[in-house]
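Welcome, and thanks for taking a look at this one with me. Please have the sequence and the structure open side by side as you read.

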Amino acid sequence: AFPSSTPSIHLETPRFRTVMTQTEVTATCVVHSAYDAKVSWLLDGKDPTSRTPVNQASSTTQSISSNLTLPSSQWKTLNTITCRAEHRCFNSTEKSSNVKG
């Protein structure tokens, strides 16, 4: 039986210098969970548009990695970025980061 524990989330955002010097930046969210959780992103509390590429890969049964790639110009206008993990076996869990430079 799987433990019914809340997953832990690690959110990694691009460095300021990367945002200033690259045309695209990537944020990475790693969810550690015994379940195959669905990972989603929120930009300033809203779902990103369908044009935003999101890659999700289950590296093991214990962790799921999701990358969100945005143009630097869009990143610069953001205040917060949120990574959310959802599964029917646990309450929705999320981690936010204030990215306003």
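Here are a few points to guide you through the model.

1. A word before we start: what you see is a predicted model.

2. Let's begin with the largest nonpolar core, which has 23 residues. The members that touch the most other members are C29, W41, W75, I81 and C83. Several strands contribute: strand 1 (8–12), strand 2 (24–32), strand 3 (38–43), strand 5 (63–71) and strand 6 (80–87) each provide at least two residues of this core. The biggest share comes from strand 2, which gives four residues. As background, nonpolar side chains tend to be buried together in soluble globular proteins.

3. Leaving aside residues up to four places away in sequence, C29 touches I9, H10, L11, V39, W41, I64, S65, S66 and C83.

4. Next, follow the chain along strand 6. A hairpin of two residues links strand 6 to strand 7, and strand 7 covers residues 90–98. The two strands pair in the antiparallel sense, with seven bridges.

5. Finally, please look at T80, which lies in strand 6. Is T80 buried, partly exposed or exposed? T80 counts as partly exposed because its relative accessibility is 28%, which falls between the 20% and 50% cut-offs. Its contacts, not counting residues up to four places away in sequence, are L42, L43, D44, G45, S97, N98 and V99. T80 and L42 are 38 residues apart along the chain, and their C-alpha atoms are separated by 8.3 Å.

Methods. Residues numbered from 1 in each chain as written. Predicted model: local features only at pLDDT ≥ 70, side-chain atom pairs only at ≥ 80, totals over all residues. Heavy atoms only, no water. Core = buried A, V, L, I, M, F, W, Y, C linked by side-chain atoms within 4.5 Å. Buried < 20%, exposed > 50% of the residue type's maximum accessible area, 1.4 Å probe, protein only. Contact = heavy atoms within 4.5 Å. Pairing = 2+ DSSP bridges.
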